[in-house]
Amino acid sequence: MISSLPPQCSLCLGGESFAHHARHGDTEDTEIAQRENIHLVRRVSQRVARRDRNTRALLLLFSLFAVIPCVRAQQTGLIANTDGRKTISLDGQWHTIIDPYETGYYDYRYEPSANGYFKDAKPKTKSDLIEYDFDTSESLTVPGDWNTQKERLLLYEGTIWYKKAFDYQSKANTHLFVYFGAANYVADVYLNGEKIGRHEGGFTPFNFEITNLVREAGNSLIVKVDNKRRRDAVPTLITDWWNYGGLTRQVKLVETPASFVQDYFIQLQKGSRERISGWVRLNGDKLNQRVTVRIPEARISKSFTTDANGSAQIAFNADLTLWSPDNPKLYDVVIEAETDRVQDQIGFRSIETRGTEILLNGRPIFLRGICIHEEAPFRGGRAYSREDALTLLGWAKELGANFVRLAHYPHNEFMIREADRLGIMVWSEIPVYWTILWENPATLENARNQLGEMITRDKNRAAVIVWSMANETPLGAARLSFLKKLIEQARSLDSGRLISAAMERHYVDEKTQMIDDPLGEYLDVLGCNEYVGWYDGLPEKTDRLEWKTKYQKPLIMSEFGAEAPYGYHGDPLTRWTEEYQENFYQHQVSMLKKISFLRGTCPWILMDFRSPRRPLPGIQDFHNRKGLISDHGERKKAFYVMQKYYRELEARSQN
Ligand code: GCB
């Protein structure tokens with residue numbers, strides 16, 4: 001765990017700390033050491049993707065001398081496109097133990113226990129004392145949050161242990177990984193009683209190699225999932241969404257050859273509409289290979305040789321039909337190494353800004369957007385399936401949207417894949433939300449890790465056009481420095497996409513709204529959340545406002561909205577009524593039309609969602625009711641105001 005690195009040691013800095021401690025034999029507690037060790041291997045190996053060859057060489061050395069010997073299950077960087085591989089689903093019923101006091105993890109002196117629940121022990125004699133039993137404990141469905149599966153878990157924040165038993169027939173020259181789409185928030189993973197790794201961050205995938213630990217029969221995969229909120233975490237203690245805990249996305253076993261294509265980046269080069277550039281990275285014992293990238297439909301077949309670290313830069317010209325909302329063209333792309341072959345579907349498009357314009361494939365575009373939380377339509381709880389994605393994105397299309405802001409964390413991969421297929425552009429963000437601990441290095445490291453995982457997973461999806469760094473964060477030097485580091489990282493991982501953040505505005509006089517957050521200087525596109533007419537005055541207040549910006553950059557109004565439960569009616573000035581919400585949107589639209597540098601709008605929000613901050617009985621009942629659609633799929637009056645505006649905009653863009 002990031003924060004468990006020994007902070008007192010002055011020799012330890014970031015990824016060097018474990019190596020230092022290992023060299024000094026400072027590893028009395030193997031459990032903790034392994035945990036740190038595995039986490040470090042993970043962090044470091046992920047950075048390999050980002051850094052230059054020197055770092056890679058250093059890592060290799062570092063691994064050989066300090067790290068690998070202590071790790072029984074190996075952590076590999078994220079495997080790209082697991083759907084393009086042979087996988088075995090571990091979804092379904094998992095036995096679970098609710099553990100509010102973390103009895104299965106700590107002993108009574110609050111030290112990590114050597115015989116925790118992860119041992120999955122059974123009494124061997126009639127006299128043995130074992131106080132837990134996964135196999136007779138109740139089950140939860142994976143994927144799925146625990147809060148909405150059992151009424152008594154609705155407000156639960158803490159630890160739940162999950163267990164899945166499985167058999168596995170090992171195959172020669174095959175490596176096996178366990179892959180988690182996401183676990184909210186910290187996951188400690190064990191196989192057959194051995195710790196295989198820890199992951200922090202509730203919305204991004206992770207995998208661990210288990211080739212040497214897996215057995216033919218009766219494997220016990222145990223995951224401790226802890227969703228306690230922490231001040232130093234990302235997100236921090238307060239948010240305006242439900243802290244759904246658990247194994248919220250798919251879990252699967254992934255098989256690869258001994259040397260395999262771990263990851264690749266195949267997109268158009270920034271500023272070009274015909275040159276593809278990127279890289280391919282192999283993992284395993286045969287790193288130096290000939291790799292061919294083929295796009296059969298475009299009659300492309302280009303070969304490259306990976307270096308001693310398994311990496312090859314790729315670049316070639318291609319005559320392609322470009323991806324756009326009107327024609328979301330995806331090509332089959334095959335990445336073929338000597339020992340492995342992966343197939344993906346990839347779209348190619350350019351995205352850039354010029355002055356206050358956003359250009360898609362060189363042409364100015366207006367982003368007709370809508371914000372979406374990862375909340376399941378109809379059944380409630382976390383959304384996780386293709387069906388959920390199709391419903392939410394279908395509603396966005398019906399609204400007339402060509403763009404979605406996936407708030408406030410990376411959504412499940414189905415959302416991005418389906419957006420790619422449907423031709424919906426995507427803003428994707430990490431949960432750097434409100435009041436993060438800007439000066440805490442571990443918080444920064446955590447945010448960086450989540451940013452890296454988001455980009456790693458989705459960098460080949462044409463739909464994603466914006467990486468957003470943060471939401472409504474307060475002005476200040478420490479915050480600016482924190483966010484600049486994230487921006488730098490995002491640009492170094494992916495120079496092609498636009499960088500944004502949802503910022504705030506302020507009044508310079510009673511009629512003038514100003515966007516001059518110093519962060520704006522470092523962004524490609526300005527994002528701004530405003531609630532004039534809801535938290536700030538009444539709807540007609542918008543009529544008097546003029547918008548200004550310090551920057552010659554496009555603006556996306558990344559949030560605006562008002563609450564109304566579906567079916568609650570009254571006059572246009574009565575709070576909470578659909579008529580108030582409709583009135584709010586009518587005034588907003590008139591105001592938005594007057595902002596000359598506006599290039600996108602994302603009302604808050606597509607669908608009502610659960611929030612602990614919204615207690616008003618009979619109205620909110622712990623839901624944020626700013627949805628244009630209720631959580632049961634009913635369109636509110638305001639939906640049609642936005643739909644009309646978007647239809648007009650769309651008609652104009654076609655002329
Ligand atoms: C915001 C936040 C969003 C909230 C929304 C609201 O500014 O970014 O997470 O849910 O306002 O409804 O107040």
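This is a predicted model: local features need pLDDT of at least 70, side-chain atom pairs count only at pLDDT 80 or more; totals for chains, interfaces and linings use all residues.
A pair of aromatic rings is described by the distance of the centres and the angle of the planes. A search of the whole structure finds 30 such pairs. In one of these, Tyr 105 and Tyr 106 are arranged edge-to-face, with ring centres 4.8 Å apart and an angle of 85° between the planes. Tyr 105 has a relative accessible area of 1% and is therefore classed as buried, since the cut-off for that class is under 20%.

Tyr 433 and Trp 434 form a tilted pair, with 4.4 Å between the centres and 35° between the planes. Both of these residues are buried. Elsewhere, ring pairs join Tyr 117, Phe 118, Tyr 132, Phe 134, Trp 161 and Tyr 190 into a cluster.

In soluble globular proteins, nonpolar side chains tend to be buried together. The largest nonpolar core in the model comprises 109 residues, and Val 432 and Leu 486 have the most contacts inside it. When neighbours within four places in sequence are left aside, the residues in contact with Val 432 include Val 234, Trp 438, Ala 447, Met 469, Phe 482 and Leu 486. Asn 471 and Thr 473 are also among the contacts of Val 432. Another core, of 30 residues, lies apart from the largest one and includes Val 142, Phe 180, Ala 183 and Ile 210.

Note on methods: Residues are numbered from 1 along each chain as its sequence is written. Side-chain values use heavy atoms; hydrogens and water are left out. Rings of Phe, Tyr and Trp (its six-membered ring) pair if their centres lie within 6.5 Å; planes under 30 degrees apart count as stacked, over 60 as edge-to-face and the rest as tilted. Buried means under 20% relative accessible area, exposed over 50%, partly exposed in between (1.4 Å probe, protein chains only). A nonpolar core is a set of buried Ala, Val, Leu, Ile, Met, Phe, Trp, Tyr and Cys residues joined through side-chain atoms within 4.5 Å. Contact means heavy atoms within 4.5 Å.
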